[in-house]
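Please keep the model open beside the text as you read.

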Amino acid sequence: MLATIAVKAQDIYVGGSLNVWRNSTGNTTSFKIAPEIGYNFNETWALGAELAYGHEYANKVSMNSFDFAPYIRFSYYESGIVRLFLDGTASIGFDKVKDGDTFKRGQVGLRPGIAVKLNDNFSFIAKYGFLGYRRNMDYDEDYAPIKHSFGLNLTSEDLSIGFHYAF
């Protein structure tokens with residue numbers, strides 16, 4: 001029974017990412033911390049969720065954000081220590097401008113990624129890009145000039161680098 005519990009514990013992983021950016025010329029600063037937890041059903045399918053908190057200061061305006069993004073992961077290629085995967089995700093987020101309004105936003109789509117297994121427990125994870133639908137639920141022309149959009153986004157804002165630790 002203990003061996004079964006130990007094997008099943010290997011299926012649970014935790015990790016996350018941290019992004020920090022400073023532009024002294026434009027006097028902008030931003031950071032985002034995004035812890036993640038998931039469960040591997042087998043070598044192909046996993047289910048997980050990411051919680052993210054971010055802060056941005058730009059043009060003398062301060063904003064905090066919170067995101068909840070559950071996903072289902074399909075690993076479609078593995079060779080040695082490298083695994084390629086595709087996350088199907090649906091997320092909801094909130095942005096709060098200091099001394100201002102709160103705005104809701106959401107997205108549904110796909111995010112490709114790569115995992116490099118460093119040892120039995122640690123993996124380096126990178127996700128880049130987004131294909132899907134995004135919507136600002138509280139439309140405000142000054143804050144969020146785009147109410148909804150659909151397409152492929154390959155910008156540095158859609159790059160996430162982090163790690164996973166499997167128990």
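The structure holds 1 cavity of 30 Å³ or more. Here a cavity is a set of points, on a 1 Å grid over the protein atoms alone, where a 1.4 Å probe fits but cannot get out, and lining residues have an atom within 4 Å of a point. Grid points are joined across faces, edges and corners, and a volume is the space filled by probe spheres set on the points. For the largest cavity, that volume is about 50 Å³.

Before going on, a word on the source: this is a predicted model, in which local features need pLDDT of at least 70 and side-chain atom pairs count only at pLDDT 80 or more, while totals for chains, interfaces and linings use all residues. Residues are numbered from 1 along each chain as its sequence is written, and side-chain values use heavy atoms, with hydrogens and water left out.

Which strands surround the cavity? At least two lining residues come from each of β1 (12-23), β2, β7 and β10, and β10 gives the largest share, with 4 residues. Strands here are DSSP runs of E of at least two residues, and helices are runs of H or I of at least four, numbered from the N terminus. Among the lining residues are Gly-16, Ala-34, Glu-36, Lys-127 and His-164. By class, the lining has 3 nonpolar, 5 polar and 3 charged residues; Ala, Val, Leu, Ile, Met, Phe, Trp, Tyr, Cys and Pro count as nonpolar, Asp, Glu, Lys and Arg as charged, and the others, Gly among them, as polar.

Let's stay with Glu-36, which sits in strand β2 (residues 28-40). Glu-36 has a relative accessible area of 7%, so it is buried (under 20%; exposed is over 50% and partly exposed in between, with a 1.4 Å probe and protein chains only). Its side chain makes a polar contact of 2.4 Å with that of Tyr-71. Such a contact is a pair of N or O atoms within 3.5 Å; within protein, one must be able to donate a hydrogen and the other to accept it, and residues adjacent in sequence count only if both atoms are side-chain atoms. Leaving aside residues up to four places away in sequence, Glu-36 also touches Arg-73, Lys-127 and His-164, among others, where contact means heavy atoms within 4.5 Å.

Arg-73 is the next stop, in strand β4. Because its relative accessible area is 2%, Arg-73 counts as buried. The side chains of Arg-73 and Asp-87 are joined by a polar contact of 2.7 Å.

Now for an open space. A pocket is an open set of grid points with protein on both sides within 12 Å along at least five of seven lines. The second largest pocket has a volume of about 600 Å³ and is lined by 28 residues, with Asn-40, Arg-83, Lys-117, Ser-123 and Ala-166 nearest its centre.

Elsewhere, strand β8 (residues 130-136) contains Leu-131, which is partly exposed at 41% relative accessible area. The C-alpha atoms of Leu-131 and Leu-110 are 5.2 Å apart, although 21 residues separate them along the chain.

Buried residues make up 30% of its 167 residues.
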